[in-house]
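This report goes through one protein chain, part by part. Keep the sequence and the 3D view at hand while reading.

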Amino acid sequence: FKKAPEPLEGEAVVPRLPELSSPVILKNLGYEIERLKLAPSLQLPTGRSSETLAKYPDFVLVLVLMKAETLMDKHEITGRISVYMIQGRIELHLQEGQVIRLGAGELLTLDQGLGHDVQALEECAFLLTVVGSAGSV
């Protein structure tokens, strides 16, 4: 994704969706997962749907739903990330051939810049947190 242009001197910075950067955000993840199951994007060949739940300059929280046997191609994120599995199972393929399997209730953190892809072994939902360079999500 492209980073938004820097504001001009004295220009106010207004988030595209101000509710994503509210001081307090409360979400029901069960409800949000059910909404993602109905999203048209889930029917596309990628087989996934996501919703950004919170977005601050140095922190982004995204709920991701993937259909079974789908792949999120290799990518890098410049910030540090965590993946918390809510349901289902995934495999992450890291650089140098390392494979990490995660199931419901498991948490993984990756340092910045580690290339990886994500394979859904079954329908799954997870929370992706990016800390640091959030503009790169």
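## Strand S4 and its two partners

Val 83 stands opposite Leu 108, a residue of strand S7. The structure is a predicted model. The next residue to look at is Tyr 84, whose bridge partner in S7 is Leu 107. Both pairs belong to the contact between S4 and S7, where S7 covers residues 107–110. The two strands pair in the antiparallel sense, over four bridges.

S4 covers residues 80–87 and also pairs with S9. This pairing is antiparallel too, and it runs over seven bridges.

## The five-stranded sheet

Which strands make up the open sheet, and in what order? There are five of them, in the order S1-S2-S9-S4-S7, and the pairing is antiparallel. Strand S1 (48–56) and S7 stand at the edges. Each of these two has a single partner strand, so one side of each is left without a neighbour in the sheet. Neighbouring strands of this sheet are turned against each other by 15° on average, with direction ignored.

## The chain as a whole

The chain has one helix and nine strands. Along the sequence the pattern is α-β-β-β-β-β-β-β-β-β. Of the 137 residues in the chain, 36% are buried. The chain exposes about 8,600 Å², and carbon and sulfur atoms supply 56% of that area.

How much of the contact between residues with a separation of 6 or more comes from residues 24 or more positions apart? Such residues account for 66% of these contacts.

## Thr 129 in strand S9

Thr 129 lies in strand S9, which covers residues 124–131. Is Thr 129 buried or exposed? Its relative accessible area is 14%, and the limit for a buried residue is under 20%, so Thr 129 counts as buried.

What does Thr 129 touch, leaving aside its neighbours within four places in sequence? It is in contact with Phe 59, Val 60, Leu 61, Arg 80, Ile 81 and Ser 82. Two of these residues, Phe 59 and Arg 80, come up again below.

## An aromatic pair

The structure holds one aromatic pair. It is formed by Tyr 56 and Phe 59, with 6.2 Å from centre to centre and 45° between the planes. A pair of aromatic rings is described by the distance of the centres and the angle of the planes. Planes under 30 degrees apart count as stacked and over 60 as edge-to-face, so the pair of Tyr 56 and Phe 59, at 45°, is called tilted.

Tyr 56 is partly exposed, with a relative accessible area of 26%. Phe 59 is also partly exposed, at 29% relative accessibility.

## Salt bridges

How many salt bridges does a search of the whole structure find? It finds eight. One of them joins Lys 37 and Glu 123, with the closest N and O atoms 3.7 Å apart. This pair links distant parts of the chain: Lys 37 is in helix H1 (residues 29–37), while Glu 123 is in the loop between strand S8 (116–120) and S9, 86 residues apart. Lys 37 is partly exposed at 29% relative accessible area, and Glu 123 is partly exposed at 35%.

Arg 80 and Asp 111 meet through their side chains in a salt bridge of 2.8 Å, N to O. Arg 80 lies in strand S4 and Asp 111 in the loop between S7 and S8, so the pair ties together parts that are 31 residues apart in sequence. Arg 80 has a relative accessible area of 46% and is partly exposed; Asp 111 is partly exposed as well, at 42%.

## Another bridge and a network

Arg 89 forms a salt bridge with Glu 122, and the closest N and O atoms are 3.0 Å apart. Because Arg 89 lies in strand S5 (residues 89–94) and Glu 122 in the loop between S8 and S9, the pair ties together parts that are 33 residues apart in sequence. Arg 89 is partly exposed at 36% relative accessible area, and Glu 122 is partly exposed at 32%.

Salt bridges can also share residues. Lys 27, Glu 32, Arg 35 and Glu 51 are linked in a network of salt bridges.

Key:
Residues are numbered from 1 along each chain as its sequence is written. This is a predicted model: local features need pLDDT of at least 70, side-chain atom pairs count only at pLDDT 80 or more; totals for chains, interfaces and linings use all residues. Side-chain values use heavy atoms; hydrogens and water are left out. Buried means under 20% relative accessible area, exposed over 50%, partly exposed in between (1.4 Å probe, protein chains only). Contact means heavy atoms within 4.5 Å. Two strands pair if DSSP finds at least two bridges between them. Rings of Phe, Tyr and Trp (its six-membered ring) pair if their centres lie within 6.5 Å; planes under 30 degrees apart count as stacked, over 60 as edge-to-face and the rest as tilted. Axes are lines fitted to C-alpha atoms, for helices over the stretch in contact, and angles run from 0 to 180 degrees between N-to-C directions. Accessible areas come from the Shrake-Rupley method with a 1.4 Å probe; for residues, only the protein chains shown count as cover. A salt bridge is a side-chain nitrogen of Lys or Arg within 4 Å of a carboxyl oxygen of Asp or Glu.
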